[in-house]
Amino acid sequence: MSHLMVDFSQEREVLQGLKFLPVPATPEIQVSDSQVCDNTVTVVWTLPEPDSKIDHYILEHRRTNHEGPPRIREDYPWMVVEGIRELEHTLTGLRFDTRYITFRVKACNKAVAGEFSEPITLETHAFTFKLDAASCHQNLKVEDLSVEWDSCGGKIQDIRKEKTRTSSPMHSPARSALMSPKRAPSARPGRDRFTAESYTVLADTVIDAGQQYWEVRFDKESKAFAVGVALRSLGRFDQLGKSGASWCIHLNNWLQQSLTAKHNNKARALDCAIPDRIGVYVHYDEGTARNTLRETRSEKHAPRNTLRETRSENHAQRITLRETRSEKHAQRNTLRESRSEKHAQRNTLRETRSEKHAQRIAVEKFHTKCILSFYNSKTKQLMHTFKTKFQQPVIPAFMVWNGSFSVVTGLQVPSAVQSGQRKNSGTSSSNASLT
């Protein structure tokens, strides 16, 4: 009987010579070494021990409004960055429209990927807002953060609305066009915040503290364009820079091109090239408590109340003595007691008013100091600075006539702007320089 034998010795040697790659260790993100600056995030991580077998890393990041570990359900998906060869990675050109960004990283060799690191969350402070389309001028078309001036925007809607009404001459579009702006019916409810030649649109978020920054791109061929800030009290007929409630940079292409800084109907021509994009920087200082004189007066008023109370007690004792001396004056004493009680009530009322007055003084503040600067977004060249005081929070404000613009939000204050503010703190322009 014959036997068949197979020799696997060579295959055995090959299999024994194979070396399988182990699963890479889990990296650890170093929060202290990671940085967030100028809308750029640099994430740094380390390994428990060096591993020459690692081929690359995979970094994932996700926007969130919640601090701490990721939740099961988040509003934003993970974004993946592959093929990272170093122990750090920098994300540039980010727009921070959430409060935080969460990061995690894992190592990979040519065979397998390791586990993700513990996620870390970095704060991404930036100023974000939307344009208030519900209250802008009727001739402005607002789409997200873009605005375009439409010469027929309001009139066409008026004509369409009038077609559904009677054909009486009293309601004709031609007659409506001649009506006073104060009486002109609004084609879109709630959009009569600005009218006439105030082609204005405001942001939906106020600035009441801190340093904020945003940028705006605009069509250089616009007949007129302005960007700045305004108070809530800005009138519906007020154009930006022509009242005490607004500060702006104004581009005029009517007859000749000019760039001016405007406030309270005063203007200053700017000797600089017209940029493609303007950066707006606001430093809103919260100020300090005021009315020290009133507080002093209130403190002086308190001892007076105490003196009156003492006199009232002495008066009551005299009345008691008179009662014991003469029964004939009993009725008069009773009347005096009644007056004394009323006098004590008045003192109590005065004390209550004094306390309320002190509380009001504690809440009141000085008009806040503010710096409003405009920059060439590309070169970070300072164009103009307003140094002023605000009576109330301000709102980003924009105006355009026969043109268009778009706003960029979610930006951090550039480091070049911050350093420039420190250098120009004593030499910048102010409201007094406007003529």
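## The six-stranded sheet

An open sheet is formed by six strands in the order β11-β20-β13-β14-β15-β16, with antiparallel pairing. Its edges are β11 (200-202) and β16 (266-269); each has a single partner strand, so one side of each is left without a neighbour in the sheet. From one strand to the next, the twist averages 20°; axes are lines fitted to C-alpha atoms, for helices over the stretch in contact, and angles run from 0 to 180 degrees between N-to-C directions. Strands (E, at least two residues) and helices (H or I, at least four) are DSSP runs numbered from the N terminus, and two strands pair if DSSP finds at least two bridges between them.

The model is predicted: local features need pLDDT of at least 70 and side-chain atom pairs count only at pLDDT 80 or more, whereas totals for chains, interfaces and linings use all residues. Residues are numbered from 1 along each chain as its sequence is written, and side-chain values use heavy atoms, with hydrogens and water left out.

## The second largest pocket

The second largest pocket holds about 330 Å³ of space. It is lined by 14 residues, of which Ala224, Gln239, Lys242, His250 and Trp401 are the closest to its centre. The elements that contribute two or more residues to this lining are β14 (246-252), β15 (258-263) and β20 (394-401). The largest share, three residues, comes from β15.

On a 1 Å grid over the protein atoms alone, a pocket is an open set of points with protein on both sides within 12 Å along at least five of seven lines, where a cavity is a set in which a 1.4 Å probe fits but cannot get out; lining residues have an atom within 4 Å of a point. Grid points are joined across faces, edges and corners, and the volume is the space filled by probe spheres set on the points.

## Other strand pairings

A second open sheet, of four strands, has the order β5-β4-β7-β8 and antiparallel pairing. Its edge strands, β5 (79-84) and β8 (120-123), each pair on one side only. The twist here averages 25° from one strand to the next. Strand β7 (residues 100-108) pairs with β8 in the antiparallel sense over four bridges, with Ile101 opposite Leu122 in β8.

Strand β12 (residues 210-218) pairs in the antiparallel sense with strand β17 (residues 277-284) over eight bridges, where Tyr284 is the bridge partner of Gly210. β12 also pairs with strand β21 (residues 404-408), again antiparallel, over four bridges; Val216 stands opposite Val407 in β21.

## Two loop residues

Asn39 lies in the loop between β2 (35-37) and β3 (40-46). Asn39 counts as buried because its relative accessibility is 6%; buried means under 20% relative accessible area, exposed over 50%, and partly exposed in between (1.4 Å probe, protein chains only). A polar atom of the Asn39 side chain lies 2.9 Å from the backbone oxygen of Leu94, and the backbone oxygen of Gly410 likewise lies 2.9 Å from a polar atom of that side chain. Not counting residues up to four places away in sequence, Asn39 touches several residues, including Phe96 and Gln412 (contact means heavy atoms within 4.5 Å).

Tyr76 lies in the loop between β4 (56-64) and β5 and is partly exposed, with a relative accessible area of 25%. Leaving aside neighbours within four places in sequence, Tyr76 is in contact with Arg62, Arg63, Thr64 and Thr98.

Note on methods
A polar contact is a pair of N or O atoms within 3.5 Å; within protein, one must be able to donate a hydrogen and the other to accept it, and residues adjacent in sequence count only if both atoms are side-chain atoms.
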